Amino acid sequence: MAALAVGSPVAGADTTWTKVSTDFNANIVIPSLGLTGTTAVVAWTQETSPSTSDLNTVSFTTSPTQDVIGPASNKAALAWAQIDFNEALFPAPGGGLQLVFNGIHTIVTGDPLNGMVTTQRNPDGSWAAPFFVTSASSSPSTAVLSGAAPLVAGYATQGIEIFHANVAHAPGASDYNLQPQIGNCCGYSPKMALDSAGHLWIAWYSNATGATGMYVQQLDATTGAPIGTPVQAPNSESSNNNSFGAALACAATCRLVYGDSPAAGPADTIVSWWPGGAPTTIANLAGTGQGAGRVITTAYRADGRLWVAWFDGKTYRATLGDATGAGGEAQDAGVPKGTAGGAYALTGMAVGDNLLLAVNYAWNATGTLPFAVFVNTIAPPAPVTKAPGPRDVTLQVQYTLPKACTAKTPCSLRGELRTRTGRRLYAATPLPGDTKLVLGTRGKFAVPKGKKGKIRFYITVSKAQLLKAPFSTEGGSRVAETRLRVWYTAKGSKEALSVRDGRIKVSIARIKSGALPGLSGIL
């Protein structure tokens, strides 16, 4: 069986986002993610009045077919006078998660909680009393549990500061400041990560005079002390890299993902890089109007393959590549409801083979509270296996059930995929552009009882029909425009039709390699 990438829907792609917050008015909110066992946790700061803020968390399990399962909401901080808009979830000694943030508990002089604190997540999802770390103004954007040492990195006008989170520091004190190694003010949005050998690394953005760009450095895994000298990432000077945080991930090795902007001319590429090698191109955003590096995230799976996700000006995209992030198919992950250009902070985390994304998105551009936090879990593309000779092709598609299918109200689906002409259409009746070439159909089948939300099923495409499709070349792929129809029937109701325009996209290199036997006729 061979699986082809389909443009929308795409094999493995999920374009449905789930809202986990109420609405707010802050484009600088940066959600953080953590994982304890199979439970994912998302955290974010939310102003509740001009003089109060809460630190909200939602715990849930997740899958590509249902983003949020069994959500439980808890507040890590309630009615503080002010809380920074970035925080960090990280493993706690002995298991579970802890959360570090900086804020003003009250306006009372000498309040012992004014400053950076940590709080540990209880087994029921609530949060323990906070532990005071420092009164320094550093805003903590990253933290790790390195062996038994909980280490935090934050940033403020004084630089990139490192703190041991189990130690109550003297007023305004930190353990180390990294920014003076390369220049004066300022350093921003650090990110730390541990490689599989236990080495600790950090990345941050500097806009110091003569030292602008992304930097990486090794830290002592026990104390957080700097080791060696910081190394600048090639062509990383663009201020787009100083938007919502550094995208650093580690496994056997590490990769920094950022926007590549050489001074010699215009470029808008997302790259991954590590000292000692050249940048690897992940995606080209030229012509999209979206600055590479502004909205990106990255995460390694346990098998050492690298997820990279970004916003391209119209939609979120995600690709699963090799250890450098190269070689993956860019999947369309869609956008939350509302306007197409409302992307701000993007955070990602591997959950098993999948990628969990959390975003701050301006879904209601004309409202007084336009922003909210949404999540989406992306599955990897369906695997491709070699077949001994020409066979039909099986495509995986995704459909969102209008209502849950129950024993009392069973439901069924059937589907059809055909080619079309003209541009993609999303809201037109009737839909022009149908051709007579039906690529494949799926007969009526019963939906499992109790199923709700997103469901995946397969349509077998006749290879003979596929070879008749009008393919064109786009970059390194052959592309055919398609139209998917899905008919939904619930007991006691009339059959309802849903239509989605998309495309079949086939890698030319994979056809030539023999990975897709029998498809050389579409070249």
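Q: Which residue of strand 25 stands opposite Ile296?
A: In this predicted model, Ile296 faces Trp310 of strand 25.

Q: How do you know that strand 24 and strand 25 are paired?
A: Two strands pair if DSSP finds at least two bridges between them. Strand 24 and strand 25 (residues 306–311) are joined by 5 bridges and run antiparallel, so they meet the definition.

Q: What makes strand 24 and strand 27 the edges of their sheet?
A: The open sheet holds 4 strands in the order 24-25-26-27, with antiparallel pairing. Strand 24 (296–300) and strand 27 (331–334) each have a single partner strand, so one side of each lacks a neighbour in the sheet. From one strand to the next the twist averages 20°.

Q: Why is strand 30 called mostly covered?
A: A residue is buried when its relative accessible area is under 20%. In strand 30 (residues 371–378), 8 of 8 residues are buried. Both faces are covered: Phe371, Val373, Val375 and Thr377 are buried on one side, and Ala372, Phe374, Asn376 and Ile378 on the other. For the protein chain, 54% of the 523 residues count as buried.

Q: How do you know that strand 2 and strand 29 each pair with strand 30?
A: The cut-off is at least two bridges. Strand 2 (residues 18–19) is joined to strand 30 by 2 bridges, and strand 29 (residues 354–362) by 8 bridges, so both pairs qualify. Each of these pairs runs antiparallel. Within strand 30, Phe374 is the bridge partner of Lys19, and Ala372 is that of Tyr361.

Q: What lines the second largest pocket, and which strand gives the most to the lining?
A: This pocket has a volume of about 1,200 Å³. Its lining has 46 residues, and the closest to the centre are Leu33, Leu89, Lys191, Gly348 and Met349. The elements that give two or more residues include strand 3 (32–36), strand 24 and strand 28 (343–351). Strand 16 gives the most, with 6 residues.

Q: How do the lining residues of the second largest pocket divide into nonpolar, polar and charged?
A: There are 30 nonpolar, 13 polar and 3 charged residues in the lining. Gly counts as polar here.

Q: Why is the protein chain called as compact as a globular protein of its length?
A: The chain contains 2 helices and 37 strands. Its radius of gyration is 24 Å, close to the 24 Å that the globule rule gives for 523 residues, so the description holds. Along the principal axes, the C-alpha trace spans about 75 × 55 × 45 Å.

Conventions: Residues numbered from 1 in each chain as written. Predicted model: local features only at pLDDT ≥ 70, side-chain atom pairs only at ≥ 80, totals over all residues. Heavy atoms only, no water. Axes fitted to C-alpha atoms, helices over the stretch in contact; angles between N-to-C directions. 1 Å grid on protein atoms, 1.4 Å probe; cavity = no way out; pocket = protein on both sides within 12 Å on 5 of 7 lines; lining within 4 Å. Points joined across faces, edges and corners; volume = space filled by probe spheres on them. Rg over C-alpha atoms; globule rule 2.2 N^0.38 Å. Buried < 20%, exposed > 50% of the residue type's maximum accessible area, 1.4 Å probe, protein only.
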